[in-house]
Amino acid sequence: MKKIDELFKEWQSLQPLKESDQRRLDQKFMLEFNYNSNHIEGNTLTYGQTEFLLMFGKVVDNANMKDLEEMKASNVGLKMVKDAALDKEQPLTEYFIRTLHQTLLREDYTVYRQLPDGTTTSYIVHAGQYKTRPNSVITATGERFEYASPEETPALMKDLLQWYNQAESEKIMSPIELATLFHYRYIRIHPFEDGNGRVSRLIVNYILYRHGYPMIVVKSADKTNYLIALNRCDMVVGRIPADGAHASLEKIAPFVEYMSNCLERALTISIKAAKGESIEEDDDFEKQLKIIERNAKKNIPQDDHVVTPQDKIDVFNKFHRQLTDRIINALNPAIAFYNTLTVHYFMTKDRDQISGTGFFELNSKEKLGPDISERDMNILKEAQSIMMHIRLQGVKSIYKMKDTPIRLSASVFFDLQHYTFNGTTYRYGTYPTPTQLDNFIKDIKDYVLKTIQKATEA
């Protein structure tokens with residue numbers, strides 16, 4: 001706690017912040033909190049989607065409507081918490097917590113689950129109302145951990161709010177201790193069917209903001225350590241929900257330590273902002289690149305054709321595979337100079353070779369088959385390119401010729417709406433014209449002829 005006290009004093013000494021510094025600090029926290037708090041609970045929006053939604057009100061890329069509405073509601077809840085925290089005369093109430101929950105969930109909805117026997121059951125999640133059915137969680141060891149029953153919940157929540165308001169007025173605990181203990185006791189009650197984690201983290205920040213501290217973020221990437229800290233406390237406090245709802249500060253020491261570290265991080269970033277320094281963190285670089293990547297993607301009209309797995313298969317079977325036969329047939333006279341012909345197909349995804357197939361020797365008189373294997377065909381559906389390499393090597397001893405291997409290639413690169421071959425793009429369903437292929441074959445023959453001629457002159 002000594003480190004927090006020192007940082008808090010420095011933070012206070014820097015008040016008030018310049019408007020520009022306060023704005024960038026508020027923006028960073030708003031995005032970080034909403035993104036991470038919702039991701040911990042399974043929201044699928046990316047950081048970039050969160051930023052565009054909350055900063056500009058825009059929806060980019062494909063996004064689940066429930067996740068979009070959930071993220072917007074989370075930001076409204078955050079504003080509610082900040083406004084309420086500024087009213088120092090108003091105590092924290094059950095009504096405010098239920099209203100906050102109503103804001104986050106927006107409306108009642110039905111959850112459907114399939115039972116082991118195959119039948120389906122359902123229950124209603126009530127927005128702004130305490131639970132009407134038991135809730136529990138399966139621990140990492142496979143055990144069921146029960147929260148307070150629906151019958152216990154109203155009395156335990158009343159006790160929780162009475163305790164909090166009294167403890168706040170007594171000023172015995174520090175704000176982070178008070179916020180952490182509230183969080184733990186609240187979670188052991190789990191008063192609602194859904195949304196308890198989001199509500200608890202908002203109330204933690206309500207308490208900190210109310211006492212002049214920066215708000216904190218529990219990183220979704222650190223979810224495991226967050227849950228481990230809570231679990232360690234459960235082992236000390238015990239499994240009885242009422243005991244958890246009245247846990248002492250001493251028994252939740254691991255969680256106090258975890259939340260204190262979060263506050264130290266928040267104070268450090270806030271102090272940097274107040275001094276006009278950079279508040280970028282290690283993971284900000286990756287997040288910003290993701291945003292740039294999304295913005296750089298091509299805007300494809302809804303009615304335009306976008307590449308499908310079948311398009312790639314068609315390019316291979318109807319064009320590229322036949323081109324290989326044409327190249328080999330065209331090179332027949334030149335092949336006579338060499339002992340070995342090697343033909344390889346490589347299919348690539350990103351920068352990694354994900355499949356290679358085909359080795360043929362002239363002496364065995366093997367022919368390229370009409371199809372590649374089913375396994376490679378499945379890989380082709382995911383590929384970003386088909387790379388075909390032909391290699392002539394091992395000059396026959398009957399020729400006075402320098403041992404000069406010949407390497408040839410014919411590659412196709414897949415894009416969203418077209419593929420590229422030999423520097424020219426083609427829409428899916430269309431292929432190079434006979435004239436274009438004749439010119440490509442001629443260029444290959446010219447290259448091979450010059451190479452063999454040079455090798456014989458050496």
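Start by selecting R198, which lies in helix α8; helices here are DSSP runs of H or I with at least four residues, strands are runs of E with at least two, and both are numbered from the N terminus. This is a predicted model, in which local features need pLDDT of at least 70 and side-chain atom pairs count only at pLDDT 80 or more, while totals for chains, interfaces and linings use all residues. Residues are numbered from 1 along each chain as its sequence is written, and side-chain values use heavy atoms, with hydrogens and water left out.

R198 has a relative accessibility of 5% and counts as buried (under 20% relative accessible area; exposed is over 50%, partly exposed in between; 1.4 Å probe, protein chains only). Show its contacts (heavy atoms within 4.5 Å): beyond neighbours within four places in sequence, R198 meets S37, N38, E41, E70, L104 and L105.

Next, select helix α5, residues 94-105. Its 12 residues reach 17 Å from first C-alpha to last, close to the 16 Å expected at 1.5 Å a residue (1.5 Å times one less than the number of residues). Buried residues in α5 are E94, F96, I97, L100, H101, T103, L104 and L105. They pack against α4 (65-86), β1 (109-114), β2 (120-125), α6, α7 and α8 (196-210). After α5 comes R106, with a positive phi near 75°.

Now select α6 (residues 153-170) and α7 (residues 175-189), which pack at about 175° with axes 10 Å apart. Axes are lines fitted to C-alpha atoms, for helices over the stretch in contact, and angles run from 0 to 180 degrees between N-to-C directions. The two helices, α6 and α7, are therefore roughly antiparallel (over 145 degrees; under 35 is roughly parallel, 65 to 115 roughly perpendicular, the rest oblique). On the α6 side, select T153, L156, M157, L160, W163, Y164, A167 and E168; on the α7 side, L178, L181, F182, R185, Y186 and I189.

Move on to M388 in strand β7, residues 385-395. M388 is buried, at 1% relative accessibility. Its C-alpha is 8.7 Å from that of H320, 68 residues away along the chain. Not counting residues up to four places away in sequence, M388 touches H320, T324, I327, V343, H344, Y345, L408, S409, A410 and S411.

Last, select the cysteines C233, buried at 0% relative accessible area, and C262, buried at 9%. The structure has zero disulfides (pairs of cysteine sulfur atoms within 2.5 Å).
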